Amino acid sequence: MEKHVRDNNTSALREGIEDSDSHVRYQTVRAIHRALLDERLDYDIAANLLIKLIRDEDSDVIYACYDCLSHLAYLGDERALEPLIKVSEEDVRFQGPRQQVIMPAWYAVRALSLFNDIRSIQALIKALRHRDPLVAFDAILSLGKIGDRRGIKPLIEIYWDDGFMQQRDLYPTQEDARLAIVAWLASIIGLKPGDEGFPTSTNPNSLAGLVCICEHGRQEHECHSCEVCSDIILRCSQMA
């Protein structure tokens, strides 16, 4: 397999990723990973192969793809960005060999948190409305890790959406999502878990103050003319 990688032998690599033996497919991904890091393989070839394999039915193969793309992302290699965005938009799931549900988009959304890039932010905002609640919830967490203020308004819309994860009895629930959003807003203004004033509940009265500070650097009682803040304060009073 290493020889085929060195020679950019697309047909042989394609045979490797389509092999019925999951171990062969796994080793193909690992070979692609090593070759990419050593710049021994054309990235366009590798990206097409990885996108195909990240939809594999074997969880080890999928994780190997995720690991490869995430490694490139961690190294700041933007070549991983477009493949991850494509996978994050998919709604494909299947049963893994150990009876677990495998969701490639979930892996992609997590990896996108490593890119502070307008394309990854837009993809994560779109993923907030993904049909799978685990993907949507991880989009919240990934936006929080990036910490870009462009995520504030989309996350506030999710906060007010009573239908968001409302039917879920298991983690993540609507309460989990709201707490993650409030915690993210707190982190924007420098509050960390354990700090005085860090929110530990989704009491809506704390939301207006956090948003106003995030948007304007001042408390909500000092923000008299902002339509966004005024609307939040009104909603909070209705929910309280």
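Reader: Where does Leu114 sit?

Author: Start with the secondary structure. This is a predicted model. Leu114 falls in the loop between α7 and α8 (118-127).

Reader: Now the interior. Where is Leu112 placed, and what does Leu112 touch?

Author: Take the element, then the cover, then the contacts. Leu112 belongs to helix α7 (residues 104-112). Its relative accessible area is 0%, so Leu112 is buried. Leaving aside residues up to four places away in sequence, Leu112 touches Leu81, Leu84, Ile85, Ser88, Ser120, Ala123, Leu124 and Ile146.

Reader: How many residues of helix α4 are buried?

Author: Count along the helix. In α4 (residues 43-53), eight of the eleven residues are buried, so the helix is largely enclosed by the rest of the structure. The buried ones are Tyr43, Ile45, Ala46, Ala47, Leu49, Leu50, Ile51 and Leu53.

Reader: How many aromatic pairs does the whole structure hold?

Author: A search finds one. Check the ring centres and then the planes. The rings of Trp106 and Tyr107 have centres 5.1 Å apart and planes at 75°, so this pair is edge-to-face. The cut-off for that label is over 60 degrees. Trp106, at 24%, counts as partly exposed. Tyr107, at 14%, is buried.

Reader: How many salt bridges does the structure hold?

Author: Eight. Read each one by distance, then by location. Take Arg119 and Glu82. Their closest N and O atoms are 3.3 Å apart. Arg119 lies in helix α8 and Glu82 in helix α6, so the bridge ties together parts 37 residues apart in sequence. Both ends are partly exposed: Arg119 at 30%, Glu82 at 36%.

Reader: Which residues are linked in a network of salt bridges?

Author: Follow shared partners from one bridge to the next. Glu78, Glu82, Asp117 and Arg119 are linked in such a network.

Reader: What does Lys126 form with Glu89?

Author: A salt bridge, with the closest N and O atoms 3.6 Å apart. This pair links distant parts of the chain, with Lys126 in helix α8 and Glu89 in the loop between α6 and β1, 37 residues apart. The two ends differ in class. Lys126 is exposed, at 52%. Glu89 is partly exposed, at 45%.

Reader: One last bridge. Are its ends, Asp148 and Arg150, buried or partly exposed?

Author: Check each end on its own. The side chains of Asp148 and Arg150 meet in a salt bridge of 2.8 Å, N to O. Asp148 is buried, with a relative accessible area of 16%. Arg150 is partly exposed, at 45%.

Technical notes:
Residues numbered from 1 in each chain as written. Predicted model: local features only at pLDDT ≥ 70, side-chain atom pairs only at ≥ 80, totals over all residues. Heavy atoms only, no water. Buried < 20%, exposed > 50% of the residue type's maximum accessible area, 1.4 Å probe, protein only. Helix = DSSP H or I, 4+ residues; strand = E, 2+ residues; numbered from the N terminus. Phe/Tyr/Trp six-rings, centres within 6.5 Å; stacked < 30°, edge-to-face > 60°. Contact = heavy atoms within 4.5 Å. Salt bridge = Lys/Arg side-chain N within 4 Å of Asp/Glu carboxyl O.
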